[in-house]
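Student: Could you take me through this structure feature by feature, giving the general idea each time and then the case at hand?

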Amino acid sequence: MSAKQAPTGAPGAPIGILGGTFDPVHNGHLRLAMELATELKLAQVRLIPNGRPPHREQPGATPGQRAKWIRVATADEPLLALDDRELLRRGHSYTVDTLASLRTDFPDRPLCLIMGRDVFAKLPSWHRWEALFEHAHIVLIERPGLHAELAPEARELLAERGVDDIRALHEHLAGAIYSYAPPPLAISASRIRALIATGASPRYLLPEVILEDIMDTDIYRAPAQSAE
Ligand code: ATP
């Protein structure tokens, strides 16, 4: 693990894990990670780009580009870091395997898996989902417009494991669910891709250095394909 990748916050403080396609990474992701790091007193948030997402179209940018943009965007911020372990594995990575691998690297730190309520609503359909709680807490992100109806199993989980004090995230290595509503930022990668495809500017929605890199290539110039 490089020095940049090692958490720099309080010793033993939890590590946040934000997975996604990051096609491209934008200020919505980066600001969310900062809010969480500060509010939940995390040692670090690791942004983990996924390899080949099974349930959606394949990313427009290559894994190398997506990882590079995260590295560049987080280079000056010790609370944020790229974690490219899913890209280094062949094929699809199950979240439970990624968490097991993080647990091996960080045996003594709580892990906080960050996910939107819409994703949590479908958790009981995930591969070995119950094992997630052996490795990590879940931080549930409430976003306006994403009031997904929870499956009965997800509702029960929340009732059993829900906590409303961040101390639970610090005092135990795994197993709790904490809900958090960050100040909303209406930014999405699909909107950025759509703007570029139509020749409009996505300036200020993502770091300038990434935008310049995107504009230097033909990436996203083809007609945008919506993620929906
Ligand atoms: P797309 O528009 O291509 O679906 P996205 O911008 O939603 O992409 P992802 O890479 O799928 O980005 O997102 C990674 C994680 O970041 C997801 O959990 C997603 O819910 C969250 N996220 C993305 N944008 C925001 C935002 N503006 N505010 C808060 N969370 C966000």
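Student: Where is R143 found?

Tutor: Helices (H or I, at least four residues) and strands (E, at least two) are DSSP runs, numbered from the N terminus. R143 is found in the loop between β5 (137–141) and α7 (152–161), and its C-alpha lies 9.2 Å from that of L185, although the two are 42 residues apart in sequence. This is a predicted model, in which local features need pLDDT of at least 70 and side-chain atom pairs count only at pLDDT 80 or more, while totals for chains, interfaces and linings use all residues. Residues are numbered from 1 along each chain as its sequence is written, and side-chain values use heavy atoms, with hydrogens and water left out.

Student: Is strand β2 mostly covered or uncovered, and how is that read?

Tutor: Buried means under 20% relative accessible area, exposed over 50%, and partly exposed in between (1.4 Å probe, protein chains only). In β2 (residues 44–49), 6 of its 6 residues are buried, with Q44, R46 and I48 on one side and V45, L47 and P49 on the other. R143, by contrast, is partly exposed, because its relative accessible area is 41%.

Student: Which strands pair with β2?

Tutor: Two strands pair if DSSP finds at least two bridges between them. Strand β1 (residues 15–20) pairs with β2 in the parallel sense over 6 bridges, and I15 stands opposite Q44 in β2. Strand β3 (residues 80–82) also runs parallel to β2, joined to it by 3 bridges, with V45 opposite L80. The open sheet has 7 strands in the order β3-β2-β1-β4-β5-β7-β6, with parallel pairing, and its edge strands, β3 and β6 (162–163), each pair on one side only.
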